[in-house]
Amino acid sequence: MILTPEQIAFQEAVRGFCAGECGTRAQRDELTDRGAHQHNQQLYERLAALGYLGVSIPEEYGGVGGGLVEHLILCEELWRGLAPVHEIGR
């Protein structure tokens with residue numbers, strides 16, 4: 001699959017977010033209470049504030065207006081970056 005320039009930019013932005021917020025073992029330990037929790041609500045809320053969680057929601061409903069590919073890019077990069085946000089897609 002070939003991504004559009006916008007999709008690549010989104011992929012890089014999410015990848016950068018993960019690298020900065022949860023890219024080290026120490027950061028993940030702090031976010032998860034040393035692995036006791038799979039989900040960190042504060043990190044999830046930062047993703048929401050950036051508009052990332054609304055990437056596949058139509059603009060008329062308050063989202064960004066992307067589609068399934070953008071949603072999958074988000075999920076893939078969050079998983080790749082070991083982001084402790086396991087509420088995506090619920």
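Colleague: What makes the meeting of the Arg15 and Glu77 side chains a salt bridge?

Modeller: Happy to start there, with the reminder that this is a predicted model. The N to O distance between Arg15 and Glu77 is 2.8 Å. A salt bridge needs a side-chain nitrogen of Lys or Arg within 4 Å of a carboxyl oxygen of Asp or Glu, so the label applies. The two partners come from distant parts of the chain: Arg15 sits in helix 1 and Glu77 in helix 4, 62 residues apart.

Colleague: Why is Glu77 called buried?

Modeller: Its relative accessible area is 2%. Buried means under 20%, so Glu77 qualifies.

Colleague: How many salt bridges does a search of the whole structure find?

Modeller: The search finds three. In another of them, Glu21 pairs with Arg46, and their closest N and O atoms are 3.0 Å apart. Glu21 belongs to helix 1 and Arg46 to helix 3, so this pair ties together parts that are 25 residues apart in sequence.

Colleague: How do you know that Glu21 and Arg46 are partly exposed?

Modeller: Glu21 has a relative accessible area of 28%, and Arg46 has 33%.

Colleague: Let us turn to the core. Which residues touch the most other members of the largest nonpolar core?

Modeller: They are Phe10, Val14, Cys18, Tyr52, Leu74, Leu78 and Ala83, from a core of 15 residues. Helix 1 (5-22), helix 3 (41-49) and helix 4 (68-80) each give two or more residues to this core. Helix 1 supplies the largest share, five residues.

Colleague: What does Cys18 touch, leaving out residues up to four places away in sequence?

Modeller: Cys18 touches Gly23, Glu77, Leu78, Gly81 and Ala83. Among these, Leu78 and Ala83 are also on the list of core residues that touch the most other members, while Glu77 is the salt-bridge partner of Arg15.

Definitions and conventions: Residues numbered from 1 in each chain as written. Predicted model: local features only at pLDDT ≥ 70, side-chain atom pairs only at ≥ 80, totals over all residues. Heavy atoms only, no water. Core = buried A, V, L, I, M, F, W, Y, C linked by side-chain atoms within 4.5 Å. Buried < 20%, exposed > 50% of the residue type's maximum accessible area, 1.4 Å probe, protein only. Helix = DSSP H or I, 4+ residues; strand = E, 2+ residues; numbered from the N terminus. Contact = heavy atoms within 4.5 Å.
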